[in-house]
Amino acid sequence: MTIRSVVFDVGETLIDETRIFARWADRLGVPRLAFFGLMGGMLAQGRELMDVFRVVKPGFDLEAESAAWRAEEPDSLRESFDSDDLYPDVRPAFAALRGMGLSVIIAGNQPLSAAPALAAMDLPVDQIHVSDAWGVAKPDPAFFTRVGEVAGTGHSEILYVGDRIDNDVIPAQEAGMRAALLRRGMLGYLHAERPDAKRADVVLNGLDELPGWIADQG
């Protein structure tokens, strides 16, 4: 099957979230090492990331805390990101894919603010989409329906790239797309060790491996 469009998740696929969570640790008054350790422990248990925040701060309300942080530090990055958080293999991989005549699209579970942050990086991409603008988030099948619509090609000609089996690989494949699992970030490494990682069409150690793998698909 020919791949014509490559669609990318955002967090820990394109964006290194280390600084974001370090700022959250500082915000909540927790040593960074302890916060990161709790994150790894919770994710290894299959629990939600928000459980970390609730353990550290019982009754934690993300919307209220984010609003308070925004009011106190309107000019800081807070829970957002900029070009310094972009993984170094992203631009070369995107450029190589575009050079192969492929459509390159970003579409992930992100707030509205992520779209202009990504656009400001002037990446060699055709489109940028975030879940909050669509009103639907992964792993909802409707998210992947939207991916197919914006790609404008058959679902079998789309490769979705992400760091999670549950949010990326399985729902993309159930939508008739191909899927790549990226061994990156806490979840990427954890999920690559699971038996169902073999469901992915390919498991990547970095985005630099992607153009070559696609070329080999004929």
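**Figure 1. Polar contact between Glu65 and Arg27 in the predicted model.** The side chains of Glu65 and Arg27 are joined by a polar contact of 2.9 Å. Glu65 is part of helix α4. Its relative accessibility is 11%, and Glu65 therefore counts as buried, the cut-off being under 20%. Leaving aside residues up to four places away in sequence, Glu65 touches Trp24, Arg27, Lys57 and Phe60.

Figure 2. In general, an α-helix has 3.6 residues a turn, so residues three or four places apart point the same way.

**Figure 3. Start of helix α4, with Asp61 and Glu63.** A side-chain oxygen of Asp61 comes to within 3.1 Å of a backbone atom, the nitrogen of Glu63.

**Figure 4. Crossing of helices α1 and α2 (residues 32-44).** The two helix axes come within 9 Å and cross at roughly 115°. The crossing of α1 past α2 is right-handed. On the α1 side, the residues that meet α2 are Thr18, Phe21, Ala22, Trp24, Ala25, Asp26 and Leu28. Their partners in α2 are Arg32, Phe35, Phe36 and Met39. Trp24, which takes part in this contact with α2, is also among the residues that Glu65 touches.

**Figure 5. Strand β1 (residues 5-8), covered on both faces.** Ser5 and Val7 are buried on one side of β1. Val6 and Phe8 are buried on the other.

**Figure 6. Pairing of strand β1 with β2 (residues 103-108) and β4 (residues 158-162).** β1 and β2 run parallel and are joined by four bridges. The pairing of β1 with β4 is likewise in the parallel sense, over four bridges.

Note on methods:
Residues are numbered from 1 along each chain as its sequence is written. This is a predicted model: local features need pLDDT of at least 70, side-chain atom pairs count only at pLDDT 80 or more; totals for chains, interfaces and linings use all residues. Side-chain values use heavy atoms; hydrogens and water are left out. A polar contact is a pair of N or O atoms within 3.5 Å; within protein, one must be able to donate a hydrogen and the other to accept it, and residues adjacent in sequence count only if both atoms are side-chain atoms. Buried means under 20% relative accessible area, exposed over 50%, partly exposed in between (1.4 Å probe, protein chains only). Two strands pair if DSSP finds at least two bridges between them. Contact means heavy atoms within 4.5 Å. Axes are lines fitted to C-alpha atoms, for helices over the stretch in contact, and angles run from 0 to 180 degrees between N-to-C directions. A crossing is left-handed if the near helix is turned anticlockwise from the far one by less than a right angle, and right-handed if clockwise.
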